[in-house]
Amino acid sequence: MKKTLRKRHRREKYFKGLGFASLCLALLFLGTIFGKIIITGVPAFFKTEVLAKAVPSDFLNPHAQYAFDGEKKWVTASDEVNMYYKNDETGNLTPEQLKTIQLLEAHDQIRLAFNGAFLTHSDSREPEVAGIWGGLLGSLLTLIVTFLTAFPLGIGAAVYLEEFAPKNRLVHLIEANINNLAAVPSILFGLLGLVAFIHFMGFPRPSALVGGLTLGLMSLPVIVVTTRASLAAVPYALKEAAMGLGAMPLQVLFHHVIPAALPGIVTGIILSLARALGETAPLLMIGMVAFIATPPSSFLDPTTVLPVQIFNWSRSPEMGFVENTSGAILVLLFVLVLLNSIAITIRKKFESQYAL
Amino acid sequence: MPFKIDVKNLSLFYGDKQALFKVSLGLPKLQTTALIGPSGCGKSSFLRCLNRMNDSVPNIHIDGKVLLDGKDIYAPSVDVVELRSHVGMIFQKPNPFPRSIYENVAYGPRIHKLFKNKSALDEIVQTSLTRAGLWEEIKDRLHQPATRLSGGQQQRLCIARAIAVSPEVILMDEPSSALDPIATAKIEELIDELREKFTIVIVTHNLQQAARVSQKTAFFHSGHIVEVGETGELFTMPKDERTQGYITGRYG
C-alpha cells in the first residue's frame with residue numbers, strides 16, 4: 001500500500017510537471033512570434049528624413065538632389081536610404097550614393113522621425129510613404145456591414161430556434177446544419193459571396209458592402225450557436241416565475257431571458273466580429289486583393305482591408321515592406337486586443353448586474 | 001361550502017404515459033387544501049393543471065374540466081395570461097428575478113397595468129411585502145438585489161410578488177422544501193394568515209406541515225386520488241389502508 005501510494009503521488013507530480021512544461025513551451029512560441037513581430041514592426045513607425053532642397057512636387061523622390069545649401073526642408077528619404085540608415089542594408093545603392101549619405105550624416109542632415117504617415121496614408125508602391133489608413137478604414141466599413149447583417153439575423157434566428165420553433169424533424173435538421181456551418185472553411189463563404197453578391201446581385205466588386213456581407217454570412221452561424229447556448233443557459237425557474245405571474249411569452253423573453261443571456265450574446269458577437277476583422281481568405285475570393293491607393297469614401301468604393309493589405313505587403317519585393325508588414329500586424333493585433341477587452345468588460349458588467 | 005376550483009375527471013398524459021386518471025377534487029374557498037403522496041404520484045402535475053403551467057410542456061394532453069368559479073379554464077375562450085393573474089404560483093425553489101426587491105414585487109402589477117401612478121405602485125409593493133411578512137425586515141433596502149436575501153426571505157418575496165397581482169388562488173409547489181426549519185415555520189405562519197384572503201393549494205412532502213396548515217387533504221397515489229377529507233380526520237382515521245401506510249411512514 002505504502003509503495004503504491006508513493007508511486008501514485010509520483011505519477012501526479014509527473015503529470016503536473018508535464019502540463020506546466022507544455023504551457024511553458026506554448027508561451028515560448030507565442031513570445032518568440034510576438035517578439036519577432038514587435039522587433040521588426042516598431043521601426044515601421046519611424047522614418048528617415050533628409051534635410052534637402054526639394055521641389056514640392058518632387059518631394060517623394062528626394063535622393064535626386066541632396067543640396068547642402070539654399071532653402072532646405074526635412075523630406076522623407078527613399079526606401080533604400082531608409083533601409084541603409086536604419087539597418088545598414090546597402091541594397092542597390094551605389095558607392096557614390098553611400099558616400100553622399102555618409103556626407104549627409106556628417107552634416108547632421110539626416111535623422112529618424114516619427115512616421116505619422118504610416119497611420120494616415122493609404123497604400124502605395126513606395127514603402128516609405130505607404131500607410132495603413134485605407135486598410136483600417138476599409139476594415140471599419142466592412143465590419144459595420146458585417147455587424148448590421150450578422151447581428152439582427154443571428155439573434156433573430158437564435159431566439160426563434162431556441163424559444164419558439166416547434167421541435168420537429170425539419171427544425172432539428174436546420175439546427176444540425178447551422179452547427180456544421182460554423183465549422184465550414186471561410187474560403188467557401190468567399191465563394192458564396194462571389195456567386196451571390198457579385199455575380200447574382202451585381203454589387204460592385206471589391207467594395208466594403210460585398211466584403212461585409214460575405215463576412216456577415218461567415219459570422220452568422222457562430223453568432224447563432226453562441227446566442228442559443230447563452231439563451232439555453234438561462235434557468236428555467238426564471239421563465240417559470242415570469243409565466244406564473246402571467247407574463248406573455250414575448251414579455252418573458254424581453255424582460256427576463258434576453259437580459260440574463262446578454263453577457264454571453266454580446267461576447268459571442270464581439271468575438272465573431274474580431275474573427276471577421278482578421279479574416280483574409282474569403283475577401284481574396286471576392287476580389288478585395290486589389291491594390292487600392294485611395295481610402296474608401298463609401299460602402300460601394302473599391303476597398304481593401306487591413307489583413308488583405310498585410311497579405312499584399314508580405315508579397316512585395318521592396319525591403320521596406322518587411323517592417324511595414326510587421327507594423328501593420330501590430331496595429332491589427334492592437335485592434336483585436338481592444339475588441340476582446342471590450343467583450344470582457346461588457347461581460348463583467350452584465351454578469352455583476354444579473355448575478356443569479 | 002362552495003368550491004373555488006372544482007376539478008372534474010381530470011386526466012393528464014405525457015405523450016403515451018398517463019400521469020393522472022380521471023381525478024376529481026373540489027377546492028373550498030378561502031381554505032388551504034394540501035396535496036400529499038409519494039414522489040411521482042401526480043400531485044405536482046395536478047397542481048400545475050390549475051393555472052395551466054403545463055401548457056408549455058411538449059406532447060402533453062389533458063382531458064376533463066377544471067372549473068374556476070364555475071368556468072372551465074381549458075375552454076378555448078380563456079386567456080392563459082388572465083387566468084394566471086387570478087391563480088398565482090409559488091415554486092419549490094425560491095426564484096426571485098435578478099433585480100431589486102422593489103422591482104420583483106412591482107413586476108406583476110407593471111405587466112398587468114394594475115396601478116395609476118408611482119405612489120399607487122409603491123402602495124401595492126408595501127402592502128404585498130407587509131402581507132408576506134417581509135416589510136419590516138427589508139423596508140430600508142428595497143432597491144438592493146433580491147438575490148442577496150436569504151432563502152427564506154426570497155421565498156416570502158416570491159409570495160409577495162404573487163399576491164401583488166391580487167390573485168384569488170395561490171398554488172404552492174413544496175414551498176418550503178428548500179428551506180431550513182425556522183424559515184419553514186415562518187412560511188407556514190404566513191400560509192395561515194393568507195387564508196383570510198386567498199384560496200390556497202399546497203403540495204408538500206412534509207406530512208406534519210400538511211397537518212398544520214391545511215383544512216382539507218387529498219392523498220394521491222400513482223395518478224389517482226385515494227382518499228380525500230378533512231385534514232384532521234384523514235390524519236387520525238384514514239379509511240384506506242394505502243393512506244394509513246403512507247401517513248404512518250410505512251412507505252413514502
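Student: How many salt bridges does the rule find across the interface of chain B and chain A?

Tutor: This is a predicted model. A salt bridge needs a side-chain nitrogen of Lys or Arg within 4 Å of a carboxyl oxygen of Asp or Glu. Across the interface of chain B and chain A, the count by that rule is one.

Student: Which side chains meet in a salt bridge at 2.3 Å, N to O?

Tutor: The distance is 2.3 Å, and the cut-off is 4 Å. The arginine is on chain B and the glutamate on chain A. The pair is B:Arg48 and A:Glu240.

Student: Which element gives the largest share of the side of chain B that touches chain A?

Tutor: Helix H2 (80-86), strand E6 (87-90), helix H3 (101-112) and helix H6 (151-163) of chain B each give two or more residues to that side. The largest share is four residues. It comes from H3(B).

Student: By class, how many residues on that side of chain B are nonpolar, polar and charged?

Tutor: In all, 21 residues of chain B are in contact with 19 residues of chain A. On the chain B side, six are polar and four are charged. The nonpolar residues number 11.

Student: What area do chain B and chain A bury between them?

Tutor: Interface size is often given as the accessible area lost when the parts come together. Here 62% of the buried area is on carbon and sulfur atoms. The total is about 1,700 Å².

Student: Which residue follows H2(A)?

Tutor: Helix H2 of chain A covers residues 79-87, with A:Asp79 and A:Tyr84 among its buried residues. The residue after H2(A) has a positive phi, near 60°. That residue is A:Asp88.

Technical notes
Residues are numbered from 1 along each chain as its sequence is written. Chains are lettered from A and ligands numbered from 1 in the order in which they are written. This is a predicted model: local features need pLDDT of at least 70, side-chain atom pairs count only at pLDDT 80 or more; totals for chains, interfaces and linings use all residues. Side-chain values use heavy atoms; hydrogens and water are left out. Contact means heavy atoms within 4.5 Å. Buried area is the accessible area (1.4 Å probe) that two parts lose on being put together, summed over both. Ala, Val, Leu, Ile, Met, Phe, Trp, Tyr, Cys and Pro count as nonpolar, Asp, Glu, Lys and Arg as charged, and the others, Gly among them, as polar. Buried means under 20% relative accessible area, exposed over 50%, partly exposed in between (1.4 Å probe, protein chains only).
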